[in-house]
Amino acid sequence: MKLTEIVNPRQTILLTTKYKNKENIITLDWHTPLSFEPPMYAVAIGKTRYSLELIKQSKVFVINFMSPQFQKEILFCGRNSGRDIDKFKETKFTKEKSKTIDCPRIKEALGYLECIVEKQINVGDHILFIGKITNSNLKKIDKRIFHIKDDLFTTTIN
């Protein structure tokens, strides 16, 4: 049995990152808050992922919390590499300028966390990035999307 079948469902987020003129969106389920003071958040990203390269160079990322209405776009961002395409253009997500870091947010997101990398830890086939939250906002209280497996999702009751 796969690990994800045991630990899921987990809330699915879209992480945005930027280095110089290269921007990307990656779909992630492996993320967690770590500390209230200072506010810290962690994401685990596979070593083969394009976003990993961008975060290592830029030291910034944004966690975008999404509603279930964007399931199609979430799957697209998780199945296509930003090395080959512009995911903002393909998904028609609107870029929104972050207040504290040089990295776009997704305007359609329910909320976001702007993060600066404080530490990175090698954890097998992933790198765990620990980010200090420099700005955050919950723009809308609504249902969130949770990944079960493959194309199967669930949501919160609201």
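**View A. The hairpin of strand 2 and strand 3.** Strand 2 and strand 3 form a hairpin with 2 residues between them, and Lys20 in the turn has a positive phi of about 55°. Helices (H or I, at least four residues) and strands (E, at least two) are DSSP runs, numbered from the N terminus. This is a predicted model, in which local features need pLDDT of at least 70 and side-chain atom pairs count only at pLDDT 80 or more, while totals for chains, interfaces and linings use all residues. Residues are numbered from 1 along each chain as its sequence is written, and side-chain values use heavy atoms, with hydrogens and water left out. Strand 2 (residues 13–19) and strand 3 (residues 22–28) run antiparallel and are joined by 7 bridges. Two strands count as paired if DSSP finds at least two bridges between them. Ile13 stands opposite Leu28 in strand 3.

**View B. Strand 2 beside strand 6.** Strand 2 is also joined to strand 6, by 4 bridges, and these two strands run antiparallel. Here Leu14 stands opposite Asn64 in strand 6. Buried means under 20% relative accessible area, exposed means over 50%, and partly exposed lies in between (1.4 Å probe, protein chains only). In a regular strand the side chains alternate between the two faces of the sheet.

View C. The peptide bond from Asn8 to Pro9 is cis, with omega near 15°. Pro9 lies in the loop between helix 1 (3–7) and strand 1 (10–11). Glu37 and Pro38 are likewise joined by a cis peptide bond, with omega about -5°. Pro38 belongs to the loop between strand 4 (31–35) and strand 5 (40–46). Most residues other than glycine have a negative phi, and most peptide bonds are trans.

View D. Lys59 is not a glycine, yet has a positive phi of about 65°. This residue sits in the loop between helix 2 (50–58) and strand 6 (60–65). Lys59 is partly exposed, at 37% relative accessible area. Asp150, also not a glycine, has a positive phi of about 50°. Its place is the loop between strand 11 (145–149) and strand 12 (152–155). With a relative accessibility of 55%, Asp150 is exposed.

**View E. The salt bridge of Asp151 and Arg79.** The side chains of Asp151 and Arg79 meet in a salt bridge, at 2.2 Å from N to O. The pair links distant parts of the chain, 72 residues apart: Asp151 is in the loop between strand 11 and strand 12, and Arg79 is in helix 3 (residues 71–79). A salt bridge is a side-chain nitrogen of Lys or Arg within 4 Å of a carboxyl oxygen of Asp or Glu. Asp151 is partly exposed at 43%, and Arg79 is exposed at 52%. The structure holds 8 salt bridges.

**View F. Salt bridges at Glu96.** Glu96 and Arg105 form a salt bridge through their side chains, at 3.2 Å from N to O. Arg105 is buried, with a relative accessible area of 5%. Lys139 forms a salt bridge with Glu96 as well, the closest N and O atoms being 3.6 Å apart. This pair links distant parts of the chain, 43 residues apart: Lys139 is in the loop between strand 10 (126–138) and strand 11, and Glu96 is in strand 7 (residues 95–97). Salt bridges that share partners join Glu96, Arg105, Glu114 and Lys139 into one network. Lys139 is partly exposed, at 33%.
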